[in-house]
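Here is a friendly briefing to read with the model open beside you.

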Amino acid sequence: PCGRVRAGIDAARPDPPAWERARPLAERFDAAVFPLASFAPPGLEGVREIHPAIDPLGPRCRDLPLKLAGDSLRMLGLDLERPLCCQVGALDPWRDPHDTIDAFRLAKEEEPSLQLVLAGAPAAGDDEGWRVAGEVAAYAAGTPDLHVLTGYAGVGETELNALQRLSRAALARSVREDFAISASEALWKGTPVVAAPDGGLPEQVADGVTGLIAHTAEDTARALVELVRDPALSIVLGSAGRERVRERFLVTRLVADELELMGSLLRATVRRP
């Protein structure tokens, strides 16, 4: 029989004792699927690269009437008369929310009307996730117009959709984690992304084409200020971003890749003596 194993995180530098235990199991499969081939542990054979994708009809990505989107955000206490940016995703160290907060504070010195929403809900029972979310909220405390929203604040899929849709820019500050497909969610809504140069983000965010790549908090702040002061640039980058997602990061492409992989494994099995 043939089989495959899928890994979603960057495992290029695995913990040696953990990889020593996991490697014999991984090597029993005919294929090991990673979002990027560079995420694979050294020496692993049968590595296949398949990018994740978004469902454009799912609650996080489907079209929302502007009134519904606006009403959802006003209920969260946001002022839609002023520019808004957001970072959507788990509030964990891999997404570097502290760097995002630092960048916002710098940008707000240049654009005092700017608002930032950090939105993410740890899973039920994830005590560590809630602890980290609390640390992020404490770090953000005292900064005007900085909102840290979790599931306790009534943030669901509709609110996250509206945030990405009505923001002037979305932030993706992953340090070393998975593919960070939330960047494609924002791009699908025509919102440019200011991204870190790590993980799968450069695959989604082409610098100066669908968004801006920023290495430091200072770079991020400058990018935010540029997009706030130049709405036309934001529109151009966002439009290109939606087209990039249409071509590369929709679930229809993912299904085609999965079918091609399964077909290739079955053909290889048939050819075996």
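E157 is partly exposed, at a relative accessible area of 35% (buried means under 20% relative accessible area, exposed over 50%, and partly exposed in between, using a 1.4 Å probe and protein chains only). This is a predicted model, in which local features need pLDDT of at least 70 and side-chain atom pairs count only at pLDDT 80 or more, while totals for chains, interfaces and linings use all residues. Residues are numbered from 1 along each chain as its sequence is written, and side-chain values use heavy atoms, with hydrogens and water left out.

**More on E157**

- E157 lies in helix α5, residues 157-166 (helices are DSSP runs of H or I with at least four residues, strands are runs of E with at least two, and both are numbered from the N terminus).
- Leaving aside residues up to four places away in sequence, E157 touches P59 and R60 (contact means heavy atoms within 4.5 Å).
- From E157 to G58 the separation is 99 residues in sequence and 9.1 Å in space, C-alpha to C-alpha.

**The chain as a whole**

- The protein chain has 10 helices and 9 strands.
- Its radius of gyration is 20 Å, close to the 19 Å that the globule rule gives for 273 residues, so the protein chain is as compact as a globular protein of that length (the radius is taken over C-alpha atoms, and the rule is 2.2 Å times the number of residues to the power 0.38).
- The C-alpha trace of the protein chain spans about 70 × 40 × 30 Å along its principal axes.
- Of the 273 residues in the protein chain, 47% count as buried.
- Taking contacts in the protein chain between residues at least 6 apart in sequence, 71% join residues at least 24 apart.

**Helix α3 with helix α4**

- Helix α3 (residues 97-110) packs with helix α4 (residues 127-140) at an angle of about 15 degrees, and their axes are 10 Å apart (axes are lines fitted to C-alpha atoms, for helices over the stretch in contact, and angles run from 0 to 180 degrees between N-to-C directions).
- The helices α3 and α4 are therefore roughly parallel to each other (angles under 35 degrees count as roughly parallel, over 145 as roughly antiparallel, 65 to 115 as roughly perpendicular and the rest as oblique).
- On the α3 side, P97, H98, I101, D102 and R105 meet E135, V136, Y139 and A140 of α4.
- The contact of α3 with α4 has 5 nonpolar, 1 polar and 3 charged residues (Ala, Val, Leu, Ile, Met, Phe, Trp, Tyr, Cys and Pro count as nonpolar, Asp, Glu, Lys and Arg as charged, and the others, Gly among them, as polar).

**Helix α3 with helix α8**

- With helix α8 (residues 217-229), α3 packs at an angle of about 50 degrees, and the axes are 8 Å apart.
- The pair α3 and α8 is therefore oblique, and α3 passes α8 in a right-handed crossing.
- From α3, D99, D102, A103, L106, A107 and E110 meet A217, E218, T220, A221, L224, V225 and R229 in α8.
- By class, the residues in the contact of α3 with α8 are 7 nonpolar, 1 polar and 5 charged.

**Helix α8 with helix α9**

- The axes of α8 and helix α9 (residues 231-248) cross at roughly 105 degrees and come within 5 Å, which makes α8 roughly perpendicular to α9.
- E226, L227, V228 and R229 of α8 make the contact with P231, L233, S234 and L237 of α9.
- The contact of α8 with α9 divides into 5 nonpolar, 1 polar and 2 charged residues.

**Residues with positive phi**

- D145 is not a glycine, yet has a positive phi of about 65 degrees.
- D145 sits in the loop between α4 and β6 (146-149) and is partly exposed, with a relative accessible area of 23%.
- A180, although not a glycine, has a positive phi of about 55 degrees.
- The loop between β7 (169-172) and α6 (182-188) holds A180, and A180 counts as buried at 6% relative accessibility.

**V251**

- V251 is found in helix α10, residues 251-271, and is partly exposed with a relative accessible area of 31%.
- Not counting residues up to four places away in sequence, V251 touches A53, I54, D55 and P56.

Technical notes:
A crossing is left-handed if the near helix is turned anticlockwise from the far one by less than a right angle, and right-handed if clockwise.
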